[in-house]
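Please consider the sequence and structure shown here before reading on.

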Amino acid sequence: FTGTTTEQTVTIAGIGSALQTQLEFHNNSLPYKIQRIDLWVIPSPAGEVPSIRGQFFSLVSNTSHGAAAPDRMALKIVEDQGVAGATAGVVSYTWPRDQQDMPVHGSQDSQVAVFDFKTGSAESQVYARYHLHWCTQNYHQTTVLAPSSLAAEKQKVASN
């Protein structure tokens, strides 16, 4: 993440989009599970102290008082400062096991915030590592081939 802002919020849709781009898939229905997220703010050449504050939210949508938009419940807030010109500031969070086992979809609850971060400088470069589990079974293939059709397909591919 780079830019002219010192803070940013990342949603389920944003993480899903990054995963689909990396896998070269172009469909918002790819389910995935969020395990852990690590954030690094890299020391700038100008010699500023790299600092980062991460706020990680519950993956369970909460609504209160009949509100249409889900409340964001922070599970953990962590801060770190690196050493100017030497080491990065690093924050990370591992979700509780019950939330790690919840599949999420880019098209479903897509604007629910997963985490946000603030840096000490607008010139900071922030790198994120998403630890995800995903399943591509039946992702491209919408019809199930009978065993004889599958053998014929394998034979056709082998002969080419």
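The points below cover the cavity, the nonpolar core and selected residues of this structure.

The model is predicted. A search of the whole structure finds 1 cavity of 30 Å³ or more, and the largest nonpolar core has 25 residues.

**Cavity**

- The volume of the largest cavity is about 60 Å³.
- Its lining consists of Ile42, Pro43, Ser44, Glu48, Val49, Pro50, Ser51, Gly120, Ser121, Glu123 and Ser124.
- Sorted by class, the lining of the largest cavity comprises 4 nonpolar, 5 polar and 2 charged residues.

**Ser121, a lining residue**

- Ser121 belongs to the lining of the largest cavity and lies in the loop between strand 6 and strand 7.
- Ser121 has a relative accessible area of 11% and therefore counts as buried, the cut-off being under 20%.
- The side chains of Ser121 and Glu48 are joined by a polar contact of 2.8 Å; Glu48 is also among the residues that line the largest cavity.
- When neighbours within four places in sequence are left aside, Ser121 is in contact with Thr6 and Glu48.

**Nonpolar core**

- Within the largest nonpolar core, the residues with the most contacts are Ile15, Ile34, Ile37, Leu39, Phe56, Val114 and Phe115.
- At least two residues of this core are supplied by each of helix 1 (12-23), strand 2 (32-42), strand 3 (51-57), strand 5 (89-94), strand 6 (113-119) and strand 7 (125-134).
- Strand 2 provides the largest share of this core, 5 residues.
- Ile37, one of the residues with the most contacts inside the core, touches Ile15, Phe56, Val91, Ser92, Tyr93, Trp95, Val114, Phe115, Arg129, Tyr130 and His131, not counting residues up to four places away in sequence.

**Leu19 in helix 1**

- Leu19 is located in helix 1.
- The relative accessible area of Leu19 is 5%, so this residue is classed as buried by the cut-off of under 20%.
- Residues up to four places away in sequence not being counted, Leu19 touches Leu30, Tyr32, Leu132 and Trp134.
- A distance of 8.9 Å separates the C-alpha atoms of Leu19 and Tyr130, which are 111 residues apart along the chain.

How values were computed. Residues numbered from 1 in each chain as written. Predicted model: local features only at pLDDT ≥ 70, side-chain atom pairs only at ≥ 80, totals over all residues. Heavy atoms only, no water. 1 Å grid on protein atoms, 1.4 Å probe; cavity = no way out; pocket = protein on both sides within 12 Å on 5 of 7 lines; lining within 4 Å. Points joined across faces, edges and corners; volume = space filled by probe spheres on them. Nonpolar A, V, L, I, M, F, W, Y, C, P; charged D, E, K, R; others polar. Core = buried A, V, L, I, M, F, W, Y, C linked by side-chain atoms within 4.5 Å. Buried < 20%, exposed > 50% of the residue type's maximum accessible area, 1.4 Å probe, protein only. Helix = DSSP H or I, 4+ residues; strand = E, 2+ residues; numbered from the N terminus. Contact = heavy atoms within 4.5 Å. Polar contact = N/O pair within 3.5 Å; in protein donor to acceptor, adjacent residues only side chain to side chain.
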